[in-house]
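Here is a friendly walk through this structure, point by point. Please keep the 3D view open beside you as you read.

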Amino acid sequence: MTLLRLSLRQFRRGWKSGDLTVMAISLALALAAVSAVGFFTARVQTAVLEQAGESLAADLVLESGEPIPPSYRKAAIEAGARVADVMDFPTVVVQGNNTLLVEVHAVSHGYPLRGQARISRQPFGTPHPATGIPEPGTIWIEPRVFASLNIKTGDEVQIGKLSERVAANVSYLPDGGFGFSALASKVVLNTADIAASGLVNANSRVNYKLLVAGTPSVISGLETHWKQNLPTGIHLRDARDGRPEMVNAIDRSQRFLSLAALVSVLISAVAVVLSAQRYASRYTDTAAVLKSLGLTRRGVQNVLLLELFWLGIVAGTAGVITGYLAQFGLVHVLKGLLPADLPAAPLTPAFSALGIGLVLLAGFALPPLMRLGDTPPARVLRRDLSPPPLRGWIVYGLAIVACFALTLWQVKTLTLSLYVLGGLALTLLLLAAGALLLLFTVKSLRHGSGAGWRYGLANLNRHRRDAILQMVAFGVGLMVLLLLAIVRGDLLTSWRTTLPDNAPNQFIINIQPEQRATVRQFFRDHGLPEPVLYPMLHARLTAINGTPIEAVHVQTERARRMRDREANLSWSASLPAANTITAGHWWNAAEAKLSLASIEDGYAKDLGLKLGDTLTFNVGGAIITARITSFRKVRWDSFQPNFFIELSPGALQDYPSTWITSTYLPPDKANILVDLIRELPALTIFNVDAIMQQVRHLMDQASLAVEYVFLFTLAAGIVVLLAAVQATRDERRFEAAVLRALGASRRLLRLATAAEYSTLGFAAGLLGALAASVVAWVLAVRVFNLPYHGDWRIWVTGISAGTLIVAISGILATRKVLTVPPVETLRES
Amino acid sequence: MENDLSAGTLLRADHLCKQVNSPDGILTILDDVSLGIRKGESVAIVGPSGSGKTTLLGLLAGLDVPTRGSVWLDGMEFSALDEDARAARRAREIGFVFQSFHLLPGLTALENVMLPLELVNHPAPEKSAHAVLASVGLAARANYYPQKLSGGEQQRVAIARAYATEPALLFADEPTGNLDAATGHLIIDLLFDLNTRHHATLVLVTHDPELASRCDRTLSLHAGRLEQPA
């Protein structure tokens, strides 16, 4: 009880005197970063979990690239289940001279069988549950469609041959995803409109779904029966399957944001160590007095432990509240990618963050403070007696364990934790080495400068450890922000410039055989070169060398996806442009009549294919077998239609196919395709520039969210600076007093401070910019094979931001040193 | 570890020796010091700077342990106890007054005086602390923090803290060393007054001949050796 009271009194005093402030701020900041990410992801996860039960909009879904045979619908209805139809496919919406690629979600009456769609009158308006589905002739669209086509509710748009009126904004569909996975916006349409729209024909790429819902016994009966007799090409999904792609997307974003928060936590840890050391040194006398009065070693340690606990509670709560408020910012930044009405955040992230706070204190503040238990009580008589220094292995051991625990806590997996810590340690070491080098350079510069500069620069070298810590802390923060803000854009631009100016920028798919002549004529009429059309057939790989595909063992997740998905086949007599043979040979005129296959390198590797292997495909019910005679390397960024699997004409040309082409349209002619769509409404056009822009927009939003979290890192850098200033404050006050007693003006001292901190900031900015440039170079040249042309903005932004932030923070933090009358300081000392 | 001390001896040192390592090798600070102090006696330890006075005080008070020899407190070998056991005895039986007061800056005057009472689980620490503070004339300053008090006031709080648990033995290290002459006199008066009232044994280290002269006995240290063995 005594110790409890004593700890509370000491804590209160430490708080008032400011001795605990920096430690509290650094802890609060770390927890704010962690809990902002925690609250944010918990809200998204809760939304996903709440909707998991309804994520199919049904209890069972039969899914296929072909229309679901009517016998299934009949069986379901006879068993007493309710059914609804869904068709998903991409198409183009036209409004005036604007076109937009969208994903049509055509639904029949009764949809959704589970859950409720939510709509609003205006984009981002307050959503309310929908009472039915869009009436024929009307559509619901997502907010992005409103923005891209610049339309409002009540306007008409063209979809296929139909003119549809926009009836509502759709903010939530049970089976709609959150936009994480869907690049194209959704348009909800009544299936009754499909026939008249001309959008769907035999070879269209449509995902057909039969939704089924009923009592558990009916569903389980149907499921058991269907599972036993399911033909290839039809997939059965039940609610237990949930939405793995959503869970994965959220998991990935959580890890990424958590990593960003982790950097803030680790930098804050530096501030915690510095301020704990300072607190310990100021507390040594108190510990000695307490021991002389009869408090045991354990008693002193318990008092300090309790003090840390109070600090953890107070600063932790402040941090968690800040984090809670900050997560609204994250939600705002990612608006449009998230459900419009996220549920409230649960409390779990708060406890998790407080736990991280305790680990932070235990790993970084505890060692210097616990050492005070060994303060010799005789220090009350002789001030030169100090507690024995801590053993290095205790300090570093605890810090490493704490770092590891924090990383594991944040990123969840052991391997990733090791990679992250290893990478971070290497980066920090390199930055520290750079910082040391800069300090030596600064040292040699100081001789030619005036007294203020000389004194300021000397200060930097005298507190070398602190200077390095501050440079590294700021350098890391600046490096990451520069990478996110500048380098990311540079890489995308650099990639764009590697493409030829006339690289195709429009893909036209779904061209029916009889429409080929119209398409060619259309281009001729507009004075454009006639495009090359490629045939395309949907097929399923069913066997390799006679072994059923299900029995073919593959190593990776990617390979499994390649194996199981529907493949697009093409056939060609000659080797397509942008393709080169890497093994075997392309078929000659005689061989072209046989049934042969040429496979893309990566695909072949994934499935472990060899030359001479035979592949069996199901093409619309027909079985085709082809022998592999070559492997190809494909330049995907040629923007030509390219295929993993090319067959010889002899194998495929007699089967019905649609045709695909890509072409370059100069910007002034981009709108002509609106006329082509009007003429042939079932065509789907992908505008590469628009998709690029969409990708860029998604990346912008995602990286803005990460940048947002990294702002905490920059703030943590400032707290490290505050901690370093605080650690040397007594010394600075004494020196300033001596200098002023010797006649130095305040102006000179201010100049010295400005010199010290602006040099520190300049160096931190230089390090940050250098590190960002090196990482950018590695990414460009080594990872993406792009030419790298440096960017002056990295240097200008990094150095000016570093200098300004550090100089201002440093000058503000030390201003009190100069305002205390020197006589007071000298008397105290 | 009972010792057959003569009746009435509260504190006894036998052949105390304290050596420390220094850059020039082993440095002997105290060399074979033996002494005995009776209950209720007041003893001044005097000597020039560096003679080992403060070191001797630290050993007698159990703040430090001797290199050789032993310290006996009330018939028990004090110096053989471990640090925590010595701390427990200090809490119950020993009070301190230091040259630089050593009040805890985080606590008010009242809380500083309450502290030793709380450490021995006194049933009414606040009431007792108030009473002791009043006895040193600082009732009105009870809720002041040390830095708001003058040097004399701080030392009076320190004296109140030292006497709060009514210790059998009180050690004072240059109690007037940081005070002006007039305040020093007042503090000395207060110290002896309380000592008489509480029947405590007082051991103090001082440079001040006047202060030493008010003690029952003076022990003189020179270069680590006692010039007038007790």
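1. Let us begin with a sheet in chain B. Four strands form an open sheet in the order 2-1-4-5, with antiparallel pairing. Strand 2 (25–38) and strand 5 (76–77) of chain B are at the edges with a single partner strand each, so one side of each has no neighbour in the sheet. Two strands count as paired when DSSP finds at least two bridges between them. Helices (H or I, at least four residues) and strands (E, at least two) are DSSP runs, numbered from the N terminus.

2. A word on the model before going further. It is a predicted one, where local features need pLDDT of at least 70, side-chain atom pairs count only at pLDDT 80 or more, and totals for chains, interfaces and linings use all residues. Residues are numbered from 1 along each chain as its sequence is written, while chains are lettered from A and ligands numbered from 1 in the order in which they are written.

3. Back to the sheet. Strand 4 (residues 68–73) and strand 5 of chain B run antiparallel and are joined by two bridges; here B:Leu73 is opposite B:Met76. Helix 1 (residues 53–60) of chain B lies across strand 1, strand 2 and strand 4 of chain B, at about 125° to strand 1. Axes are lines fitted to C-alpha atoms, for helices over the stretch in contact, and angles run from 0 to 180 degrees between N-to-C directions.

4. Which residue of strand 1 (residues 9–22) of chain B deserves a look? B:His15 belongs to that strand, and its phi is positive, about 50°, although it is not a glycine. B:His15 counts as partly exposed because it has 13 C-beta neighbours inside 10 Å (buried means 20 or more other C-beta atoms within 10 Å, exposed 12 or fewer, partly exposed in between, with C-beta atoms placed from the backbone). B:Glu166 also has a positive phi, near 50°, and sits in the loop between helix 5 (151–164) and strand 7 (169–173) of chain B.

5. Now to chain A and its strand 17 (residues 596–600), where five of five residues are buried. A:Leu596, A:Ser598 and A:Glu600 are on one side, with A:Ala597 and A:Ile599 on the other. Strand 17 of chain A runs parallel to strand 19 (residues 622–634) of chain A, with five bridges, and A:Leu596 has A:Arg627 as its bridge partner there. Strand 17 of chain A is antiparallel to strand 20 (residues 645–647) of chain A, with three bridges; A:Ser598 is opposite A:Glu646.

6. How do helix 20 (residues 729–741) and helix 22 (residues 792–819) of chain A cross? Their axes come within 9 Å and cross at roughly 45°. Helix 20 and helix 22 of chain A are therefore oblique to each other (under 35 degrees is roughly parallel, over 145 roughly antiparallel, 65 to 115 roughly perpendicular, and the rest oblique).

7. Finally, the two chains meet: 21 residues of chain A are in contact with 24 residues of chain B (contact means C-beta atoms, placed from the backbone, within 7 Å). Helix 1 of chain A gives the most to the side of chain A that touches chain B, six residues. Elsewhere in chain A, a cis peptide bond joins A:Tyr111 and A:Pro112, with omega about -10°.
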